[in-house]
Amino acid sequence: ALSKNFSAGVTVSYIFGSVQTNTIYSSDAIGLNIIRNEHNALNTPLFTGGLQYAGKISKHISQQIGVIVTAPAILKGAYSAEYVTNDSTITTESKAADPVALPLQVGVGYALVINNFTVSADYNFYNWKKQKVNYPNSYIYQAERFSTGIEYSFKRRVGLQMKEKYYLQAGFAYETGYIRIQNKPLNDYTWTVGAGNNVSRVLSYNLGLEFGRKGAGKYNQIRENYTQFVIGISFKDFWYNAAKYGRYQ
């Protein structure tokens, strides 16, 4: 908490993972059968900072405005490759992996709270640098995401404070993906419904169902319809003198 209405926060993440690619070269005519195994292991820290204003408009109406910025980062690591025949390894190669640049990300959001109902909207911008990919008329480019939703929150009084017990949500999002196919963005439309429950001061869970549509056949893109089910569990605890710095409830 910076003041009565302003607060700030920082999230530190560590991204890591590997990609295994196997390529088979074969020809019955010349008796060729070689497998190339490639392995990329990449990692990087990621830093996100945020600033939020929250204040009352009237007795039953309040608003929140937030801004977040994620710093650019470079994924680095190791690359290895080997060529294998039916009975032996021909050659191996190890070197530093080609770096992958993660973009600057900026987001801004607004929420209007009227009693137990919240209406919100946010916008996110991803500053991917333009870069060709191995498909005709295709490349990586800047991306945007617009989303809006509504929430109903059931609250009850605990002592002198009102605590949120559970909530119901519904939303819609539109995203221009960072990949352009046939010189057109890979648009993604998503509809979601969800619910959550704060079991105790330290434990909460949420459930979500998402329906989406990505790509457009009229642009010679693959049209994808998808459904996803999401389960989230949050456990929070307070170290040191939490009362001194202000608790998250």
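**Before you click**

You're looking at a predicted model, where local features need pLDDT of at least 70, side-chain atom pairs count only at pLDDT 80 or more, and totals for chains, interfaces and linings use all residues. Residues are numbered from 1 along each chain as its sequence is written, and side-chain values use heavy atoms, with hydrogens and water left out.

**Stop 1: the whole chain**

Show the chain as a cartoon. You'll find 1 helix and 15 strands; helices (H or I, at least four residues) and strands (E, at least two) are DSSP runs, numbered from the N terminus. The radius of gyration is 24 Å, well over the 18 Å that the globule rule gives for 249 residues, so the chain is more spread out than a compact globule. (That radius is taken over C-alpha atoms, and the rule is 2.2 Å times the number of residues to the power 0.38.) Along its principal axes, the C-alpha trace spans about 80 × 50 × 30 Å.

How much of the chain is buried? Buried residues make up 23% of the 249. Here, buried means under 20% relative accessible area, exposed over 50%, and partly exposed in between, using a 1.4 Å probe and protein chains only. As for contacts (heavy atoms within 4.5 Å), take those with a separation of 6 or more: residues 24 or more positions apart account for 51% of them.

**Stop 2: Ser 147**

Select Ser 147, in strand E11 (residues 143-158). Ser 147 counts as buried because its relative accessible area is 15%. Show side chains and look for Asp 122: a polar contact of 2.6 Å joins its side chain to that of Ser 147. (A polar contact is a pair of N or O atoms within 3.5 Å; within protein, one must be able to donate a hydrogen and the other to accept it, and residues adjacent in sequence count only if both atoms are side-chain atoms.) Leaving aside neighbours within four places in sequence, Ser 147 is in contact with Ser 120, Ala 121, Asp 122, Phe 172 and Ala 173.

Stay on E11 and pick Arg 157. Is Arg 157 buried or exposed? Arg 157 is exposed, with a relative accessible area of 56%. Draw a line from its C-alpha to that of Phe 117, 40 residues apart along the chain, and the separation is 17 Å.

**Stop 3**

Next, go to Ser 138 in the loop between E9 and strand E10 (139-140). Ser 138 is buried, at 5% relative accessible area. Arg 180 is 42 residues apart from Ser 138 in sequence, yet their C-alpha atoms are 5.3 Å apart. Beyond neighbours within four places, the contacts of Ser 138 are Lys 132, Val 133, Arg 180, Ile 181 and Gln 182.

Now click on Gln 182, in the loop between strand E12 (161-181) and strand E13 (184-198). Most residues other than glycine have a negative phi. Gln 182, though not a glycine, has a positive phi of about 55°. Gln 182 counts as partly exposed, at 31% relative accessibility.

**Stop 4**

For another positive phi in a residue other than glycine, select Asn 220, with a value near 60°. Asn 220 lies in the loop between strand E14 (203-214) and strand E15 (224-235), and is exposed at 64%.

Follow on to Val 230 in E15, which is partly exposed at 41%. Val 230 and Leu 209 are 21 residues apart in sequence and 6.3 Å apart, C-alpha to C-alpha. Leaving aside neighbours within four places, Val 230 is in contact with Asn 206, Leu 207 and Gly 208.

**Stop 5**

Last, show the second largest pocket, with a volume of about 610 Å³. Of the 21 residues lining it, select the closest to its centre: Pro 99, Val 100, Ala 101, Gln 131 and Ile 140. (A pocket is an open set of points on a 1 Å grid over the protein atoms alone where a 1.4 Å probe fits, with protein on both sides within 12 Å along at least five of seven lines; lining residues have an atom within 4 Å of a point. Grid points are joined across faces, edges and corners, and a volume is the space filled by probe spheres set on the points.)

Which strand gives the most to this lining? E6 does, with 3 residues.
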